[in-house]
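Dear colleague,

I am passing on the structure we spoke about, and below it you will find my notes on what turned up in it. Please read them with the coordinates open beside you.

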Amino acid sequence: MSVRQWVLDKLWHGNDPVAAFPRHIYGVDHQGWNSDHGYLAEAIDVVRPRIVVEVGVWKGGSVATMAARLKALALDGVVIAIDTWLGASDHWLNPGFHAELRFRDGYPSLYHCFMANMIDKGLEDYIVPLPLDSVNALVVLKERGIEVDVLHIDAGHDYQSVKNDLKAWWPLLRPGGVLIGDDYHRDRLHWPEVAAAIDDFFAETPHESFRADWGKCYVRKLAGTLS
Ligand SMILES: C[S@@+](CC[C@H](N)C(=O)[O-])C[C@H]1O[C@@H](n2cnc3c(N)ncnc32)[C@H](O)[C@@H]1O
């Protein structure tokens, strides 16, 4: 059984949301933010993961980068794409990003854009969407016994959200796994709360090889640690 089918059995009771998706109805739009950052493909190359989790997907730019790498390496792996697809506070506060949520009957249709994008790129066999908030998604994965090899955190960008996501998801990362955090800027000129939350978390959490470049950080969980 493929890893993707195993994940579908665990998360979707054996159903495949991609198979049910009406691909001809929704348009594609590959807009993203720093979605092809080198750390994303590097983590796949180094860890050769079975399970990749992204929390904070939007239209799927960074999911596509990681899924394409799984495909290029012919790995039996999957990206579990977690998002409410309702946007974060910064999207609701900015009129341009608010429009990007693609309202249909007063409700965002970002999820449909994400799915259309994955199919357009031929990556549907390497992704499983999980349309939940970070907290509920974590409970489901934990309950289903799914551990994570590569984790990309790119959801809420306020201090508390970032800290909560790190505290919640780090224990699910396997020893030796890689976490990538988005919008980490050491100088704190952009997204200062993100860097503050990440620095505070790793000041008190054992880890190795923390580095940062071009608005993302990359950190490895020590082999043999559970927290
Ligand atoms: C900056 S965007 C992600 C960008 C994406 N990784 C890319 O490459 O384009 C942040 C996303 O996080 C989602 N989000 C924010 N808070 C969340 C939460 N608590 N749970 C799940 N998704 C959340 C929003 O809906 C939004 O789609």
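By class, how many nonpolar, polar and charged residues does the shell around the ligand have? Before the answer, please keep in mind that this is a predicted model. The shell is made up of 10 polar residues, 7 nonpolar ones and 4 that are charged. Together, 21 residues surround the ligand, and those that come closest are Ser-35, Ser-62, Asp-83, Ser-134 and Asp-154.

For three of these residues I can give you distances. In Asp-83, a polar side-chain atom is placed 2.7 Å from an oxygen atom of the ligand, while an N or O atom in the side chain of Ser-62 is found 2.8 Å from a ligand oxygen atom. Ser-134 takes part through its backbone, where an N or O atom lies 2.9 Å from a nitrogen atom of the ligand. On its own the ligand has 610 Å² of accessible area, of which the protein covers 90%. The space that the ligand takes is the largest pocket.

Turning to the cysteines, a search through the whole structure finds 0 disulfides. Cys-113 counts as buried because its relative accessibility is 2%, under the 20% cut-off, and Cys-217, at 0% relative accessibility, therefore counts as buried too.

With best regards

Notes. Residues numbered from 1 in each chain as written. Predicted model: local features only at pLDDT ≥ 70, side-chain atom pairs only at ≥ 80, totals over all residues. Heavy atoms only, no water. Near = heavy atom within 4 Å. Polar contact = N/O pair within 3.5 Å; in protein donor to acceptor, adjacent residues only side chain to side chain. Areas by Shrake-Rupley, 256 points an atom, 1.4 Å probe, with all protein chains shown as cover. 1 Å grid on protein atoms, 1.4 Å probe; cavity = no way out; pocket = protein on both sides within 12 Å on 5 of 7 lines; lining within 4 Å. Sits in = over half its atoms within 2 Å of the grid points. Nonpolar A, V, L, I, M, F, W, Y, C, P; charged D, E, K, R; others polar. Disulfide = S-S within 2.5 Å. Buried < 20%, exposed > 50% of the residue type's maximum accessible area, 1.4 Å probe, protein only.
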